[in-house]
Amino acid sequence: MAEILDGRKLARDIQHRLKDEVVQYKNQIGRIPRMVNIMIGDDHGTCAYARSQQKAADSIGISYDLKLLPEGISQEDLIQLVQDLNNDESVNGILIHRPVPEHIDYPAVANFVNINKDLEGINIINIGKMMLGETHLMPCTPAAVMEHIFSTQIDLKGKEVVIVGSSAIVGKPLCLLLLKQMATVSVCHIETSRAGLLPDYTKRADILIVAVGKARLIKGDWIKEGAIVVDVGINQVDNKIVGDVDFEEAQNRASYITPVPGGVGPVTVVMLMRNGLEAFKKQNNLVN
Ligand code: NAD
């Protein structure tokens, strides 16, 4: 039976370390990090996510403001707000909650976020810096996946990693982070499935990461014995949240596996907090 990679526990452990650092800097310079989440419109799901961010920030000692904007806000007004936050020295980090309304060009607005306050690594300059392995603000979900993998203490050098899902927010950045660790990475997507090749790839993975958004896409017998399986997917099935991997089947094949819920999600929130602290450190010339 696979060992469960408990995201809530991992998140708590990282949270404790971040809290200690925040206390240390508060004693040193009398300031704490401050982040602002811009949320346009409102719906139940996004509010739940914002609540979990607020909770994490409170327990670490980071100041967290939620700026709720009306659904109809113009792109110009949104950009003005971003620029005001860029110029506000008391603000260390900014994030813009997705999804945004259709009339907002998200990438265009993202490029106005100051690159040193860009908590989600969405400004095109930070995306480019990540390509070169130079950024200190890593996209949160890929960073959370890496933390889960690191927690198994596997040496990634030369390991076969297969990522299913090639989105700009999960699959592609993960590919870069894994290449930096000298893993051999394959990235699969919808056309891999259509070509009937997906199981051929997943079966050879020492580490299998799935970020698609299709419940139980990955069957147990598509998983190599002893593989590490990280399931990023979030799907609602009969009022239950499940991942992209058939968990019960996979548990009998994998050596480690993340559950859904309680796997990647809780660590993602803490990665956002870590970025908030990293941004604060850089802006205050602090080194640990
Ligand atoms: P996306 O829709 O942007 O990308 C989906 C990817 O899956 C694409 O590359 C697509 O080609 C591929 N795909 C679709 N159907 C496929 C199939 N049958 N076989 C193989 N590949 C297929 O999605 P996203 O934004 O990257 O999110 C993916 C999943 O991860 C969603 O369930 C989302 O809710 C979840 N997610 C979780 C977190 C978290 O923190 N836990 C964060 C972001 C996204």
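Helix H8 (190–194) and helix H11 each contribute at least two residues to the shell around the ligand, helices here being DSSP runs of H or I with at least four residues, and strands DSSP runs of E with at least two, numbered from the N terminus. The model is predicted, so local features need pLDDT of at least 70 and side-chain atom pairs count only at pLDDT 80 or more, while totals for chains, interfaces and linings use all residues. Residues are numbered from 1 along each chain as its sequence is written, and side-chain values use heavy atoms, with hydrogens and water left out.

With three residues, H11 gives the most to the ligand shell. Of the 22 residues around the ligand, the nearest are Ser166, Ser167, Ser193, Lys214 and Ile234; a residue is near a molecule if one of its heavy atoms lies within 4 Å of it. Polar contacts are pairs of N or O atoms within 3.5 Å; within protein, one atom must be able to donate a hydrogen and the other to accept it, and residues adjacent in sequence count only if both atoms are side-chain atoms. A backbone N or O atom of Ser166 is found 2.7 Å from an oxygen atom of the ligand. On its own the ligand has 870 Å² of accessible area, of which the protein covers 73% (Shrake-Rupley method, 1.4 Å probe).

The largest nonpolar core holds 51 residues, among which Leu178, Ile209 and Met273 touch the most other members. Such a core is a set of buried Ala, Val, Leu, Ile, Met, Phe, Trp, Tyr and Cys residues joined through side-chain atoms within 4.5 Å. Buried means under 20% relative accessible area, exposed over 50%, and partly exposed in between (1.4 Å probe, protein chains only). Helix H11 (residues 264–283) supplies the largest share of this core, ten residues, and at least three residues come from each of domain 1 and domain 2. A second, separate core of 20 residues includes Leu69, Leu81, Tyr106 and Ala110.

Leu178 also belongs to the buried residues of helix H7 (residues 171–180), together with Gly171, Pro173, Leu174, Cys175 and Leu177. These buried H7 residues pack against helices H5 (124–131) and H6 (140–151) and strands S5 (160–164), S6 (184–188) and S7 (207–210). Beyond four places in sequence, Leu178 is in contact (heavy atoms within 4.5 Å) with Met146, Ile149, Leu156, Val161, Ile163, Ala183, Val185 and Ile209. Just after H7, Met182 adopts a positive phi of about 65 degrees.

Two loop residues complete the picture. Asn92, in the loop between helix H3 (75–87) and strand S4 (93–96), counts as buried because its relative accessibility is 1%. A polar atom of the Asn92 side chain lies 2.8 Å from the backbone nitrogen of Arg34. Arg216, in the loop between S7 and strand S8 (228–231), counts as partly exposed because its relative accessibility is 34%. Not counting residues up to four places away in sequence, Arg216 touches Val242, Gly243, Asp244, Val245 and Asp246.

Notes:
Domain bounds come from an automatic or database domain assignment.
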